[in-house]
Amino acid sequence: MGDQTPCEKLCLGLKKVKHYLAMVSLQFGYAGMYIITMVSLKHGMSHYILAVYRHVVATLVIAPFAFVLERKIRPKLTLSIFLRIMVLGFLEPVLDQNLYYLGMKYTSATFSSATTNALPAITFLMALCFRLETVNFKKLHSAAKAIGTVITVTGAMVMTLYKGPVIDFIRSHGAAHHGTSNESGNQHRLTGTLMLLGSCCAWAGFFILQSFTLKKYPAELSLTALICVMGVVEGAAVSLVMERDMGAWKIGFDSRLLAAAYSGVVCSGIAYYVQGVVIRERGPVFVTSFSPLCMITTAALGSIVLAEQIHLGSIIGAVLIVWGLYTVVWGKSKERINSSKLQMTKEKTGTQELPIKDISTKLSSSINFANSIQGHDDGMSKIPPKS
């Protein structure tokens, strides 16, 4: 250890903290997506078309990797799997993204990023309905999942129903220029919040259906590429119905193109890869624990760049959501540790019982063989000799 050069020490230190750096960088990437998307929506870009362009970019990024890396393990695409992919393409690229963008447009980037922290609790409730999760109130870690879910839902309700005074953390001289947009956004606050919660429900449903689909189609990159393709097709159909003006599809070298490219590459391309690597090496609990950092970063950037106002109700609700989130994460982590210990105990017990059983079987067969030989010898000794 003493013979290491400074460069080797630096590489060793980076290796130890690489997962932390990756997740922190990813949360900054998400925060940037919220800000850039909000700017493009304020400049008149349709959220329907933004969702389509985002997944066009994501398809172009993911499809080549899926084609090359999974060409030998890609299973056959059956009709049932294709129908599931169609539903997945509608839940996430179409329903979730459009509800989220519209809810962000009606509220703010900070508010929308805080609301998405309710996603783990909503996912837990849906998993409970589909019997993917169980709750045993006699065990503390199991009861913590239910308690954390209740706290998270309470925080979402506080953010929805209570506004409170403005908390000006970072005084911005540009706040006065956005008074009209803030007032119009406040009129749609309740509608925007409901749309954001609906977006979380669609996203949670996407996770539940994806877990079932991966059991029959275990090729993550290929499944992601197919979902993006179906999202483009279905999203384009919805956009053509909702946006009759074909001029809305035109984008130049402005915030619209930046929003589509950035969200497609960073949040649908790089994010899938980084999260997959970190989940495989550190587990999903580690990844989920960094989500509140995105809310804090978005709040800071939103106050500086967009001059967004932060209300007391949003702060109280965000604190409750984070509290509930970590309660659920703690319960899940303890449950994972206990299940791992139980599995190790079963494996140890099985490895100890097996040789004992073999030894007793061999010993019993040896005794029976010896008795048979002894009986045979006794019988031979009773036979009178020939005269």
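## A bent helix

Helix H3 covers residues 79-106, which is 28 residues, and it reaches 39 Å from its first C-alpha to its last, close to the 40 Å expected at 1.5 Å a residue. Helices here are DSSP runs of H or I with at least four residues, strands are runs of E with at least two, and both are numbered from the N terminus. The expected span is 1.5 Å times one less than the number of residues in the helix. Helix H3 has a kink of about 30 degrees at Leu-91, shortly before the proline Pro-93. The bend at a residue is the angle between two axes, one fitted to the seven residues ending there and the other to the seven starting there.

A word on the background: this is a predicted model, in which local features need pLDDT of at least 70 and side-chain atom pairs count only at pLDDT 80 or more, while totals for chains, interfaces and linings use all residues. Residues are numbered from 1 along each chain as its sequence is written, and side-chain values use heavy atoms, with hydrogens and water left out.

## The whole chain

The protein chain has 13 helices and two strands. Of its 387 residues, 41% are buried. Buried means under 20% relative accessible area, exposed means over 50%, and partly exposed is in between (1.4 Å probe, protein chains only). Among contacts with a separation of 6 or more, 87% join residues 24 or more positions apart; a contact means heavy atoms within 4.5 Å.

## Rings that meet

How many aromatic pairs does a search of the whole structure find? The search finds three. Rings of Phe, Tyr and Trp (its six-membered ring) pair if their centres lie within 6.5 Å; planes under 30 degrees apart count as stacked, over 60 as edge-to-face and the rest as tilted. Two of these pairs are described in the table.

| Pair | Centre distance | Plane angle | Kind |
|---|---|---|---|
| Tyr-34 and Tyr-100 | 5.8 Å | 40 degrees | tilted |
| Tyr-53 and Trp-249 | 5.9 Å | 90 degrees | edge-to-face |

Tyr-53 sits in helix H2 (residues 47-69) and Trp-249 in the loop between H9 and helix H10 (255-282), so this pair links distant parts of the chain, 196 residues apart. Trp-249 is buried at 17% relative accessibility. For the other pair, Tyr-34 lies in helix H1 (residues 6-42) and Tyr-100 in helix H3, so the pair ties together parts that are 66 residues apart in sequence. Tyr-34 is buried, with a relative accessible area of 8%, and Tyr-100 is buried as well, at 7%. Tyr-34, Tyr-100 and Tyr-101 form one aromatic cluster.

## Cysteines

How many disulfides does a search of the whole structure find? It finds zero, where a disulfide is a pair of cysteine sulfur atoms within 2.5 Å. The cysteine sulfur closest to that of Cys-7 is in Cys-11, and at 4.3 Å it is too far for a bond. Cys-7 is exposed at 53% relative accessibility, and Cys-129 is exposed at 65%.

## One more residue

Thr-224 lies in helix H9 (residues 220-242). Is Thr-224 buried or exposed? Thr-224 is buried, with a relative accessible area of 16%. Leaving aside neighbours within four places in sequence, Thr-224 is in contact with Ile-62 and Tyr-272.
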